[in-house]
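Work through the exercises below with the structure open. Try each task before reading its solution.

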Amino acid sequence: MSFPKIRMRRLRSSEAMRRLVRETALSVDDLVYPLFVREGKSIKKPIKSMADCFHFSPDTIAAEAAEMAKLGIPAVLLFGLPKKKDDIGSQAWAEDGVVQRAISEIKKAVPQLLVITDVCLCEYTSHGHCGVIKKSTRAQEHKSIVDNDATCELLAKVALSHAQAGADIVAPSDMMDGRVRYIREALEENGFHDVAIMSYAAKYASAFYGPFRDAAESAPASSFAGTSLADRKTYQMDPANARQAMAEIALDIEEGADMVMVKPALAYLDVIYRARQRFDCPIAAYNVSGEYMMVKKTADAGLLDEKAAMLEVLTAIKRAGADIIITYFAKKLARQVPNAK
């Protein structure tokens, strides 16, 4: 059967018709809003590299979290900027650390809001890498590397400290092999059976993290220029690989991840789709800072409609198969499209 019996435009003839047959629907329930917390008091400071985003101190972040809850956003994702950094990022698991205090403040103010915490060392280390640095033990190799297993031990301490502070979900973003197993074992051994793990399972070595690294003060130290530690390619994934992402996700699920993430989102919609076809657990996608700022800057230049572009981008991520969308647009979507369900 073909034209004229079939006219595809019949199903596009009005807004009501388009709504009736729409295949993919965004919901505020899909959203997670990232928040940056730093040491200090009474801080709500704009982030220069990320429009409409702010640094908060632990005493001001609860009010922002309460606004998220009022908007219907179910969860926030916390990133911390400590006052002091060292070679191993010891402030990341400090009982009185900046994220630990922020969790406590948020949970006192809005206990129903889910608190997800980024579990990594890059914001806390003096060298800016996601793990412990050591000299390579390989013969004739005179270079420094990130020590995988030593890092996993510290990440488990970080995750446990977040759970003790009241986090609902811990989200390891480091891309060390085996870190989900280390974290799951630490949580189970200490009675935190209900704390979920959202693994950054397929995190790519992407150019789209630039604004975030400025906001989180987490870029690798300039002293690594010209070495294998000048970037994070020895542990984050090669953008050319999709089959490898499926192996990474499968391993993290086997080790105890309750949900998995693909990061970034827009350049990796095919990876999200493959993951959705293969795995039954919840799949998150991170609409990262560079993707966000591309829309913001282009809209500021008058070259596109920001709201329309935002909806198109987030719908594409949902259409690809993401159940959870981590995005700096979360507040804007919730305010402008409150009936987005």
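The exercises that follow concern a predicted model.

**Exercise 1.** Decide whether R9 and M8 are buried or exposed, and state which surface patches they belong to.

Solution. 
- Step 1: R9 and M8 both lie in the segment before α1 (15-21).
- Step 2: Exposed means over 50% relative accessible area. R9 has 68%, so R9 is exposed. M8 has 53%, so M8 counts as exposed too.
- Step 3: R9 forms a positive surface patch with R7, R10 and R12. M8 belongs to a nonpolar patch with M1 and I6, and together these have about 370 Å² of accessible area.

**Exercise 2.** Locate the backbone features at P4, P264, D52 and M175.

Solution. 
- Step 1: The F3 to P4 peptide bond is cis, with omega near 10°. P4 sits in the segment before α1.
- Step 2: The bond from K263 to P264 is also cis, with omega near -5°; P264 is in the loop between β10 (259-263) and α8 (269-278).
- Step 3: D52, not a glycine, has a positive phi of about 65°, and is placed in the loop between β2 (44-46) and β3 (54-56).
- Step 4: M175 has a positive phi of about 70° and lies in the loop between β8 and α5 (179-189). Its relative accessible area is 5%, so M175 is buried.

Technical notes:
Residues numbered from 1 in each chain as written. Predicted model: local features only at pLDDT ≥ 70, side-chain atom pairs only at ≥ 80, totals over all residues. Heavy atoms only, no water. Patch = residues over 30% accessible without salt bridge, like charges linked within 9 Å, V, L, I, M, F, W, Y side chains within 5 Å. Areas by Shrake-Rupley, 256 points an atom, 1.4 Å probe, with all protein chains shown as cover. Salt bridge = Lys/Arg side-chain N within 4 Å of Asp/Glu carboxyl O. Lys, Arg positive; Asp, Glu negative; His and termini not counted. Charge placed at Lys NZ, Arg CZ, Asp CG, Glu CD. Helix = DSSP H or I, 4+ residues; strand = E, 2+ residues; numbered from the N terminus. Buried < 20%, exposed > 50% of the residue type's maximum accessible area, 1.4 Å probe, protein only.
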